[in-house]
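Colleague: I am new to this structure and would like to learn how to read it step by step. Could you show me the model and then take me through its features?

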Amino acid sequence: MAKLTKKQKEAVSKIEKNKLYSLKDASALIKEVASAKFDESVDIAVRLGVDPRKANQMVRGVVTLPHGTGKDVRVLALVTPDKEAEAKEAGADYVGLDEYLQKIKDGWTDVDVIITMPAVMGKLGPLGRILGPRGLMPNPKTGTVTMEVGKAVQEVKAGKIDFKVDKTGIVHAGIGKVSFDADKIQENAYEIIQTLIKLKPTAAKGTYIKSIHISSTMSPAIALDPKAV
């Protein structure tokens with residue numbers, strides 16, 4: 001195991017071992033323990049009492065964080081010519097169709113979100129092996145396959161994110177930056193936790209929210225008390 005640096009040891013010392021923090025206290029503490037010279041991202045990890053291998057226990061959804069992610073989200077709008085102006089006005093970083101499909105085929109994936117239209121999905125199918133593993137494949141369930149292209153672009157730019165439980169039963173998501181006020185980190189985290197609670201599968205038995213941790217890019221994780229959220 002790698003040795004901890006002086007700053008890392010200092011950060012660990014501020015987090016009480018085996019203590020479960022309230023969301024409010026953890027949101028304030030995450031700002032204290034962050035020590036990097038850059039603006040670290042704040043992430044949340046929620047362990048759910050589900051079996052993701054079973055289709056009726058898959059948890060997937062979207063949430064609009066009240067204060068955004070703090071990240072400049074790069075959006076590619078793959079649209080027909082009649083929708084290009086709408087996508088550009090809404091703030092899409094890249095707008096077009098065939099030229100970008102070719103770029104993706106050649107290996108280009110330098111974007112965070114792809115928004116497209118139902119009529120275009122047929123052309124995207126063969127690119128699934130490139131886009132799928134990177135989490136870039138548009139999906140009607142997350143609002144990234146729609147005729148309301150402008151609205152979809154605006155929502156993503158404003159802080160709309162999609163999440164999906166992984167094979168170990170954990171949902172990971174970025175909820176801001178350490179430069180955010182503590183109350184903004186708290187409100188963003190609260191929003192995604194409440195969304196997860198609403199998405200509880202009826203087939204899930206026993207404890208649904210098993211554990212919650214928040215951490216920044218370079219800091220140790222802080223355990224939250226699920227009952228104090």
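Predicted model: local features only at pLDDT ≥ 70, side-chain atom pairs only at ≥ 80, totals over all residues.

Colleague: What share of the residues counts as buried?

Modeller: Buried means under 20% relative accessible area, exposed over 50%, and partly exposed in between, with a 1.4 Å probe and protein chains only. Of the 229 residues in the protein chain, 43% count as buried. As for contacts (heavy atoms within 4.5 Å), residues 24 or more positions apart account for 72% of those with a separation of 6 or more.

Colleague: Which way do the side chains of strand β3 point?

Modeller: In a regular strand the side chains alternate between the two faces of the sheet. Here, V75 and A77 point one way from β3, which covers residues 75-78, whereas L76 and L78 point the other way, and all of them are buried.

Colleague: With which strands does β3 pair, and in what sense?

Modeller: Two strands pair if DSSP finds at least two bridges between them. On that basis β3 and β5 (residues 113-116) pair in the parallel sense over four bridges, with A77 standing opposite I115 in β5. Three bridges join β3 to β4 (residues 94-96), and these two strands also run parallel; in β4, G96 is the bridge partner of L78.

Colleague: What do β3, helix α3 and β4 make together?

Modeller: A crossover is right-handed if, with the strands pointing away from the viewer, the path from the first strand over the helix to the second runs clockwise. β3, α3 (residues 81-90) and β4 make a right-handed β-α-β unit.

Colleague: How many salt bridges does the structure hold, and where do I find examples?

Modeller: Side chains of opposite charge can pair when their charged atoms come close. A salt bridge here is a side-chain nitrogen of Lys or Arg within 4 Å of a carboxyl oxygen of Asp or Glu, and the structure holds 10 of them. One of them joins the side chains of K157 and D72 at 3.9 Å, N to O. That pair links distant parts of the chain, 85 residues apart, with K157 in helix α7 (residues 149-158) and D72 in the loop between β2 (60-64) and β3. K157 is partly exposed at a relative accessible area of 30%, while D72 is exposed at 60%.

Colleague: Which residue forms a salt bridge with R74?

Modeller: R74 forms one with D112, the closest N and O atoms being 3.1 Å apart. Because R74 lies in the loop between β2 and β3 and D112 in the loop between α4 (98-105) and β5, the pair ties together parts that are 38 residues apart in sequence. Both residues are partly exposed, R74 with a relative accessible area of 29% and D112 with 21%.

Colleague: How many residues apart are K83 and E86 in helix α3?

Modeller: K83 and E86 are three residues apart in α3, and so they are separated by about one helical turn. Their side chains meet in a salt bridge at 3.1 Å, N to O. K83 counts as buried at 13% relative accessibility, whereas E86 is partly exposed at 29%. Elsewhere, salt bridges that share partners join K71, R74, D110 and D112 into one network.

Colleague: Which residues is E84 in contact with, leaving aside its neighbours within four places in sequence?

Modeller: E84, which lies in helix α3, is in contact with V79, V95 and G96 when those neighbours are left aside. E84 is partly exposed, with a relative accessible area of 25%.

Colleague: Is K141 buried or exposed?

Modeller: K141, found in the loop between α6 (128-131) and α7, is exposed, with a relative accessible area of 72%. K141 and G61 are 80 residues apart in sequence and 7.4 Å apart in space, C-alpha to C-alpha.

Definitions and conventions. Residues numbered from 1 in each chain as written. Heavy atoms only, no water.
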